[in-house]
Amino acid sequence: MTQLSVPHLLGTQDLTLDDFNLIFETADNFKEIINRPIKKVPSLRDITIANIFFENSTRTRISFELAEKRLSADTINFSSSQSSVKKGETLLDTVNNILAMKVDMIVMRHASPGAPHFLSKHIDANIINAGDGTHEHPTQALLDSYSIRGKHNSFEGLKVAIIGDILHSRVALSNIFALKRLGAEVMVCGPNTLLPKFIGSLGVKVELDVFKALQWCDVANVLRIQLERQQIKYFPSLREYSLYYGINKSMLDRLDKEITIMHPGPINRGVELNSDVADSEHSIILDQVENGVAIRMAVLYLLAGARPEA
Amino acid sequence: MSILLKSAKILSPGSPHHNQKLNVFISDSGVIKSIGSTEPKATKVIESKNLMVSMGWFDMRANFNDPGYEHKEDLNSGLKAAAAGGFTSVVLLPNTNPCIETKNDVGYLMSKNQNSVTQIYPLGAVTKGCKGEDFTEILDMHAAGAVAFTDGENPIWNTDILLKTLQYLQKFDGLLMNRPEDTYLTAFGTMNEGITSTLLGLKGMPGLAEEIMVNRDIELLKYAGGRIHFSNISTAHALRQIVKAKKKGLNVTCDVAAHNLIFDDSVLSDYDTNYKVNPPLRNKRDVAALEKGLNSMNIDVIVTAHSPQDEESKKLEFDHADFGMLGLQTFFPTVLQKLNGMDISTLVEKFTTNPRKILKFPIPKIAEGEHADLTIFDPDVSWKYDAKSNYSKSSNSPMLGQTLTGKVLGVVNNGKSHFNSFV
């Protein structure tokens, strides 16, 4: 198989096992290339990509931009922390204006769940979802599972705990879909108010005690508390959260095994993750960042390759 | 214009003509002149293979968005859509801008009635601006023609206001209509809370929000007395509580929107904003319970909940889009899907006799010498619902573009008539 089953990357929910394997194998090649002295390949020459970010982002935007540049694509960046609606222009108008300048692919982050799906029904560029509200963040889940694959080789029987604010997390949902498809066991852990009521129906275990989750898992993917996405109060204070849901070194020392610690960043140090864990040998947080570029190159390359004129 | 309905099956339970196929002749002045086998000469002759006629259909819940949002619908376009959908009476919600909260507002809505086949019956707001804070002049609006009182799309969240309204309305045995929703539990919600909302990453509105308020309102009714009608019931448990209250002899009735009977929340899987309604489309179990409630007579009324939204309010990201779906013209094909062996005249009662009884309206008769208030239809005829046949100013219906089965052929009322020419 040399092509993805989808024309857009809207979510890991839509990807087949073959898609995952193709993306991972393609990323292997690009990871090798970006560690060479000459890191650039001409694969996407003459392809123009617009990175449209309606929400603040540093690492995801930079990672995408770097991936695009390594592939020799032309890139333009559009950022607006406000949603376009507030400015008086609809999302569709904003994007159509950009497409009128002959753009081939759109990488979009947006605060509304389903915004890239909505767009895909109205425009004919390839769309990569760089995060849609509390829905999906597929490239993050791809790089997370790619990093797990790098460390543990196989997903069969592997236990992954996703810990933190599951309710507001697009990373959690995308990871759940990806890891389940790849054959891992998944647990979510957090205060009950931050767990969607129906999350169990996705075939994941639910745990309210963070230490029990650590005891169960091989990999702990620790999520950021998304205060900016919480429209109402879900827990009393950050202090209490860090005391009862934060992960520190002494907890890891009490385990009878070594577990892998991941975090999609940016870390609230001292809240969900103590520095003695984030910077420890258990952590593969910086590998995740490096793999992010390779994964995004793979996705861009595979989607561009499926373009009709390519 | 005189009209002859040729060999029309008359749906009129209690009448000697019920379920008989007869010729119905309506004079120029809108009076039923003869019912029988004769074929008087008429200007317009209506024939269809499975022609049926019932008393005029009555919609207990619609929005015409006038005044205030006339770009979505106005009284003229709303009345046209209502007549095309088979309705000779529509009850309009007070959620306009300004809200229907004075006798002048009530008078404005009724100003079109004289020249219209479909009659508008306004609902008066319970609170100013439908905000739930300060009482409107209910008695004055009642005198001007408001048929019942409600904050319409806005649930009455203030318990004390609801209690006092129930008490105040008893002077004229008035009806309070409330759409039960605890808005704290649904804050920022966009669809039913369930597996689909979890998969879509959308904030859910739990059925619990409706059920808690049904419970609250029933307790208030027990305490205060009066009459309450629950609008737009959507969950199994809400319905169960209403059935229990009815059995205890409380003055409780309820309606369900046609779209909540045929769609469940799985249709939202690709974020189609045309399915974004409030109360939201629920899960399959709830839909099945509503269907059962329909058959067992526990649901008194089916409404269109007609809620026009312009493209600017719908062609958006899902969470930015407004709630609402068109309902008037798709009503008949929609409810026909829920017939399930039920006698069609039993189904039709839910939008003819029952709402009139709840609102204490006279029940029109299909008999010689009576003024004709009739809806003429054929459940077997298909028609295309598209830009040409859609009379609303808005087009927010997931059924637009589809061929639908069950056609309203026309309506006669108020000495006037309308016949659908689209196919």
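**Salt bridges, a sheet and a patch**

In this predicted model, Arg227(B) and Asp173(B) form a salt bridge through their side chains, with an N to O distance of 3.5 Å. The pair connects distant parts of the chain, 54 residues apart: Arg227(B) belongs to strand S13 (residues 227-230) of chain B, and Asp173(B) to the loop between helix H4 (159-168) and strand S10 (175-178). Arg227(B) is buried, at 12% relative accessible area, whereas Asp173(B) is partly exposed, at 36%.

Glu210(B) and Arg282(B) also meet in a salt bridge, 3.5 Å from N to O. This pair again links distant parts of the chain, 72 residues apart, with Glu210(B) in helix H6 and Arg282(B) in the loop between helix H8 (258-262) and helix H9 (284-295) of chain B. Both Glu210(B) and Arg282(B) are buried.

In chain A, Lys249(A) pairs with Asp253(A), their closest N and O atoms lying 3.3 Å apart. Because these residues are 4 apart in helix H10 (residues 249-253), about one helical turn separates them. Arg61(A), Glu65(A) and Lys69(A) are joined in a network of salt bridges. Over all chains, the count is 26 salt bridges.

Chain A also holds an open sheet of 4 strands, ordered S2-S1-S3-S4 with parallel pairing. Its edge strands, S2 (74-79) and S4 (126-132), each pair on one side only. From one strand to the next, the twist averages 15 degrees. Strand S3 (residues 105-110) is joined to S4(A) by 5 bridges, and Met108(A) lies opposite Asn129(A) of S4(A).

On chain B, Leu185(B), Leu208(B) and Ile212(B) make a nonpolar surface patch of about 220 Å². Leu208(B) lies in helix H6 (residues 208-224) and is partly exposed, at 44%.

Notes:
Residues numbered from 1 in each chain as written. Chains lettered and ligands numbered in written order. Predicted model: local features only at pLDDT ≥ 70, side-chain atom pairs only at ≥ 80, totals over all residues. Heavy atoms only, no water. Patch = residues over 30% accessible without salt bridge, like charges linked within 9 Å, V, L, I, M, F, W, Y side chains within 5 Å. Areas by Shrake-Rupley, 256 points an atom, 1.4 Å probe, with all protein chains shown as cover. Salt bridge = Lys/Arg side-chain N within 4 Å of Asp/Glu carboxyl O. Helix = DSSP H or I, 4+ residues; strand = E, 2+ residues; numbered from the N terminus. Buried < 20%, exposed > 50% of the residue type's maximum accessible area, 1.4 Å probe, protein only. Pairing = 2+ DSSP bridges. Axes fitted to C-alpha atoms, helices over the stretch in contact; angles between N-to-C directions.
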